[in-house]
Amino acid sequence: MREKTAFGRTKGHALQWFLAQKIEENADYDAFCVFDADNIVDKDFIKNMNKKLCQGEEVVQGYRDIKNPTDSWIASGYAIFYWMMNRFYHLARYNLGLSTLINGTGFMVKFDVVKPNGWKTYTLTEDIEFSLQRIIAGKKLGWATDAIVYDEQPVGFKQSWSQRSRWTVGHIQCMERYTKKLGSSVKDKKTLVTLDGLLYIVGSIPMFVVTLLLLVVNAGLYIGESMTKADLIYSYAMYILPTFFLPILTGMLIMILDKRPIKPMIKGLLFYPLFLGSWLLINFKCLFKRETNWEKIEHVRDIKINEVY
């Protein structure tokens, strides 16, 4: 699927353009799956997604694994992040009866879902936006651990900075467009699914801003001699340790649970705080400067399917 269309240069626009034609043709599809051009798809992906479809699930995210987790500390950072998301966000919520989120690639949508109105997303993060639209309507998104897709991640910092900046801007766009609608949905539907969706959207950038304000206030209290140096150090340590260093242990736990070798990922684990720290800088930058241009992410690794099994 091409990224550039008459409507714009995002995947959301491409999906809108493509699916509008299929709806107009009254295509005889049960469902469709979305992949990136560089993905490697597990041989049982369609079979396992079909099981979910037959069980009545309408939108299902598959397991997004990484083709190149050891190529650089940047690629390792992405790998650890996605492995954590797979188990501690998607699987955990799915087991609790809450909603997952579609995550860019490797997901299935029942064709009947988009037939009435097409694919209508307007932000840089069409995956999150579509997920929120479903949650607002009171619908849960599903999860399929055994429907695996392997995705190549950027290896250079510049490309990663650009990509994650786009994600942050898209998240802010979703927050501006859907927070009020999520709040209304919580009030009307009174379900944990909608409440969890609201907490997700307000628990990122807004909480980041609140945290920054608290750090500044603590510094101000110390300068004004209303807080001792020991109290200031303790306060900052309570932010720095769980934010930057606890994730190293969490990453190791994920690899143990998923039976992944830790040794090849040592460098990635040690640099994971830097990966997370750079994301915080991206969030801060995007509060004031929001770049909305889509930029191509170069994929340079020629990885064969037998190399990831």
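Author: Let's take helix α9 (residues 229–257) and helix α10 (residues 266–286), whose axes come within 9 Å and cross at roughly 130°. This is a predicted model, in which local features need pLDDT of at least 70 and side-chain atom pairs count only at pLDDT 80 or more, while totals for chains, interfaces and linings use all residues. Residues are numbered from 1 along each chain as its sequence is written, and side-chain values use heavy atoms, with hydrogens and water left out.

Reader: What counts as a helix or a strand, and what is an axis here?

Author: Helices (H or I, at least four residues) and strands (E, at least two) are DSSP runs, numbered from the N terminus. Axes are lines fitted to C-alpha atoms, for helices over the stretch in contact, and the angles run from 0 to 180 degrees between N-to-C directions.

Reader: Why are α9 and α10 called oblique to each other?

Author: Angles under 35 degrees count as roughly parallel, over 145 as roughly antiparallel, 65 to 115 as roughly perpendicular and the rest as oblique. The axes cross at roughly 130°, and therefore α9 and α10 are oblique to each other.

Reader: Which residues of α9 and α10 meet?

Author: On the α9 side, they include Y239, F244, F245, I248 and M252, and on the α10 side L269, Y272, L276 and L280 are among them. Contact means heavy atoms within 4.5 Å.

Reader: How do the residues of that contact of α9 with α10 divide by class?

Author: You get 12 nonpolar, three polar and no charged. Ala, Val, Leu, Ile, Met, Phe, Trp, Tyr, Cys and Pro count as nonpolar, Asp, Glu, Lys and Arg as charged, and the others, Gly among them, as polar.

Reader: What makes α8 and α9 roughly antiparallel?

Author: Helix α8 (residues 205–223) packs against α9 at an angle of about 170°, with the axes 10 Å apart. The cut-off for roughly antiparallel is over 145, so α8 is roughly antiparallel to α9. T211, L215, N218, A219 and Y222 in α8 meet K229, L232, S235, Y236 and Y239 in α9. By class, that contact has six nonpolar, three polar and one charged residues.

Reader: On to strands. How do you know that β1 and β4 pair?

Author: Two strands pair if DSSP finds at least two bridges between them. β1 and β4 have four bridges, in the antiparallel sense, so they meet that rule. As an example, C33 has M108 in β4 as its bridge partner.

Reader: And what makes β2 and β5 a pair?

Author: β2 and strand β5 (residues 142–151) have two bridges, in the antiparallel sense, and at least two is what the rule asks for. I40 stands opposite Y150 in β5. β3 and β5 run parallel and are joined by seven bridges, with I148 in β5 as the bridge partner of Y63.

Reader: In what order do the strands sit in the sheet?

Author: It's an open sheet of five strands, β1-β4-β3-β5-β2, with mixed pairing.

Reader: Why do β1 and β2 count as standing at the edges?

Author: Each has a single partner strand, so one side of each is left without a neighbour in the sheet. Helix α2 (residues 45–54) lies across β1, β2, β3 (59–66), β4 (107–110) and β5, running at about 160° to β5.

Reader: Why is F32 called buried?

Author: Buried means under 20% relative accessible area, exposed over 50%, and partly exposed in between (1.4 Å probe, protein chains only). F32 has 11%, so it is buried. F32 sits in strand β1 (residues 31–34), where F32 and V34 make up the covered face and A31 and C33 the uncovered one. Not counting residues up to four places away in sequence, F32 touches L19, F107, M108, V109, F111 and V114.

Reader: What makes β5 largely enclosed?

Author: Eight of its 10 residues are buried, so β5 is largely enclosed by the rest of the structure.

Reader: How do you know that K259 is exposed?

Author: K259 comes out at 74% relative accessibility, so it counts as exposed. K259 is in the loop between α9 and α10 and has a positive phi of about 60° although it is not a glycine. Most residues other than glycine have a negative phi.
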